[in-house]
Amino acid sequence: MARMFRVLGFWTLAIGLMALAGDMKEMALLFFFQTAAFVILGYMNLSERAYILIFWGYLVLSFTGFTYWSFFQMSV
């Protein structure tokens with residue numbers, strides 16, 4: 001399970017680099033932060049239950065933030 005967080009770190013790094021190349025600095029910084037968090041979590045050797053709870057917390061937070069941003073902050 002810890003290896004999966006390192007894989008997530010790789011993909012968020014790839015997305016962050018593409019965002020940086022596309023001149024989207026805020027998005028790139030957000031994904032670089034996620035990369036650092038995922039790689040650090042990947043090397044912490046927690047229990048599988050802890051990894052699953054952390055991932056579910058991440059999903060709830062990110063989907064709530066995305067829904068809030070797309071509903072209240074984006075112009076139509």
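**From one residue to the whole chain**

User: Where is the place of Ala19?

Analyst: Ala19 has its place in helix α1, where helices are DSSP runs of H or I with at least four residues, strands are runs of E with at least two, and both are numbered from the N terminus. Please keep in mind that this is a predicted model, in which local features need pLDDT of at least 70, side-chain atom pairs count only at pLDDT 80 or more, and totals for chains, interfaces and linings use all residues. Residues are numbered from 1 along each chain as its sequence is written, and side-chain values use heavy atoms, with hydrogens and water left out.

User: What does Ala19 touch, leaving out residues up to four places away in sequence?

Analyst: With those left out, Ala19 touches Met24, Met27 and Ala28, a contact being heavy atoms within 4.5 Å. Ala19 and Phe31 are twelve residues apart in sequence, and their C-alpha atoms lie 8.7 Å from each other in space.

User: Changing topic, how many helices and strands does the protein have?

Analyst: The protein has three helices and zero strands, so that reading along the sequence gives the pattern α-α-α, with helices taken as DSSP runs. The C-alpha trace spans about 45 × 25 × 10 Å along its principal axes, and 20% of the 76 residues count as buried.

User: How do α1 and α3 cross?

Analyst: The axes of α1 (residues 2-21) and α3 (residues 48-73) come within 10 Å and cross at roughly 30°; these axes are lines fitted to C-alpha atoms over the stretch in contact, with angles from 0 to 180 degrees between N-to-C directions.

User: Which residues meet there?

Analyst: On the α1 side they are Ala2, Phe5 and Leu8, and these meet Tyr51, Ile54 and Phe55 in α3.

User: Which residues are in the largest nonpolar core?

Analyst: That core has five residues, namely Ala2, Phe5, Phe38, Leu41 and Tyr51, and the elements giving two or more residues to this core are α1 and α2. Such a core is a set of buried Ala, Val, Leu, Ile, Met, Phe, Trp, Tyr and Cys residues joined through side-chain atoms within 4.5 Å.

User: And what does Tyr51 touch?

Analyst: Not counting residues up to four places away in sequence, Tyr51 touches Met1, Ala2, Phe5, Leu41, Gly42, Met44, Asn45 and Leu46.

Key:
Buried means under 20% relative accessible area, exposed over 50%, partly exposed in between (1.4 Å probe, protein chains only).
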